[in-house]
Amino acid sequence: MSDKKKFKSGLVLSGGAAKGYGHLGVLTALYEAGYTFDAIAGTSVGSIIGALLADGKHPTEIKEIFDKEKNFSLVKFKWAPGGFLSSYGLKNALKRHINAKNFEDLPLPLWVTATDLGLGKSVYFNEGELLLPILASCAIPLLFEPVRLNDRIFVDGGLTENLPAGALYGLCDRLIGVNVNPVGPVDHVNGWMQSIERVLNIAIHNNVAQSIPLLDLYIEPSQMEKFHLFSLNKGAEMYEIGYNETQERLKTLADANN
């Protein structure tokens, strides 16, 4: 692990697959309001966005990347053992857009969360090779092939810690967390894909609740609940929801402090 030191402001980003567009709307509003971050932690799509932020990119620039890559669309993936799909397309997209090869190369410190499948617990990566931990963090169980790293098998970090506040807790004067994957009741579930998604969302919901008390500011755009993990054609709408709800939240906070 890298030497522990105090950061002024830390950012924690949840998983949520295509719902990552909501993160970008939230972050654009935060940046416009003058928020800056000295350390970042992320799970799944939160680790992708976190890596791009830590690499020096602005949220609006990341949105352009997502639009160009169709949010690292599944159509670029191929069938693979250990899961229905391979992260081949995601791997190539990350190589195209992230300059850093190792965590130490990033201008800002980054923690990536993945789940050790054998131990059944979350693991934080913040040193050494950057790409494989991100791929591990994004390996949704049953859908994507697990990732072998340091002789261990890893899957999506959201399974055990979808909002990885624990990675930065105690290291930051102020810790802000963004969850773009709120979970509410549904009337029905159609098909195997929605069934898998619902099971994952239920598991994720409980571990997010454990992270919220560690945060100084928690942002959860409520309208993100209506989207699916693979709502790839709803990016612009999700971005606007994240942006608008965050502006409203910041206004409420400002009014309360006046």
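Two strands count as paired if DSSP finds at least two bridges between them. With that in hand, here's a quick tour of this predicted model. The chain has eight helices and eight strands, and 54% of its 258 residues count as buried. Among contacts with a separation of 6 or more, 74% come from residues 24 or more positions apart.

**Strand S1 and its partners**

- Let's start with strand S1, residues 7-13, which is mostly covered: six of its seven residues are buried.
- S1 runs parallel to strand S7 (residues 172-178), and six bridges join the two. If you want a spot to look at, Leu 11 has Ile 176 as its bridge partner in S7.
- S1 also runs parallel to strand S2 (residues 39-43), this time with four bridges. Here Gly 10 stands opposite Ala 39 of S2.
- What sits between S1 and S2 in their β-α-β unit? Helix H1 (residues 20-32) does, and the unit is right-handed.

**Helix H3, one side in and one side out**

- The buried residues of H3 are Pro 59, Ile 62, Lys 63, Ile 65 and Phe 66. Looking down the axis of H3, these buried residues fall within an arc of 160°, so they line one face of the helix.
- As a reminder, an α-helix has 3.6 residues a turn, so residues three or four places apart point the same way.
- What does that buried set pack against? The neighbours are H1, helix H2 (45-54), H4 and H8.
- Over on the other side of H3, Glu 64 and Lys 68 are exposed.
- After H3 comes Lys 70, with a positive phi near 55°.

**Salt bridges**

- Glu 69 pairs with Arg 96, and their closest N and O atoms are 2.9 Å apart. Glu 69 belongs to the loop between helix H3 (59-68) and helix H4 (88-97) while Arg 96 is in H4, so this pair ties together parts 27 residues apart in sequence.
- Are the two ends of that pair buried or exposed? Glu 69 is buried, at a relative accessible area of 3%, whereas Arg 96 is partly exposed at 48%.
- Glu 237 pairs with Lys 226, with 3.3 Å between the closest N and O atoms. This one links distant parts of the chain: Glu 237 is in helix H8 (residues 235-257), and Lys 226, eleven residues away, is in the loop between strand S8 (217-219) and H8. Glu 237 counts as partly exposed, at 33% relative accessibility.
- Lys 251 and Asp 255 make a salt bridge at 3.1 Å, N to O. Both residues lie in H8, four residues apart, which is about one turn of the helix. Lys 251 counts as exposed at 52% relative accessibility, while Asp 255 is partly exposed at 45%.

- Glu 197 sits in helix H7 (residues 191-211) and is buried, with a relative accessible area of 6%.
- Which residues does Glu 197 touch once its neighbours within four places in sequence are set aside? The contacts are Phe 227, His 228 and Leu 229.
- His 228 is 31 residues from Glu 197 along the chain, and their C-alpha atoms are 8.0 Å apart.

**Positive phi away from glycine**

- Some background first: most residues other than glycine have a negative phi.
- Ser 44 isn't a glycine, yet its phi is positive, about 55°. Ser 44 is in the loop between S2 and H2, and it is buried at a relative accessible area of 5%.
- Asn 150 is not a glycine either, and its phi is positive at about 55°. Where is Asn 150 found? Look in the loop between strand S5 (147-149) and strand S6 (152-156).
- Asn 150 counts as exposed, at 63% relative accessibility, whereas Ser 44 is buried.

Methods: Residues numbered from 1 in each chain as written. Predicted model: local features only at pLDDT ≥ 70, side-chain atom pairs only at ≥ 80, totals over all residues. Heavy atoms only, no water. Salt bridge = Lys/Arg side-chain N within 4 Å of Asp/Glu carboxyl O. Buried < 20%, exposed > 50% of the residue type's maximum accessible area, 1.4 Å probe, protein only. Contact = heavy atoms within 4.5 Å. Right-handed = clockwise from strand over helix to strand, strands pointing away. Arc of directions from axis to C-beta.
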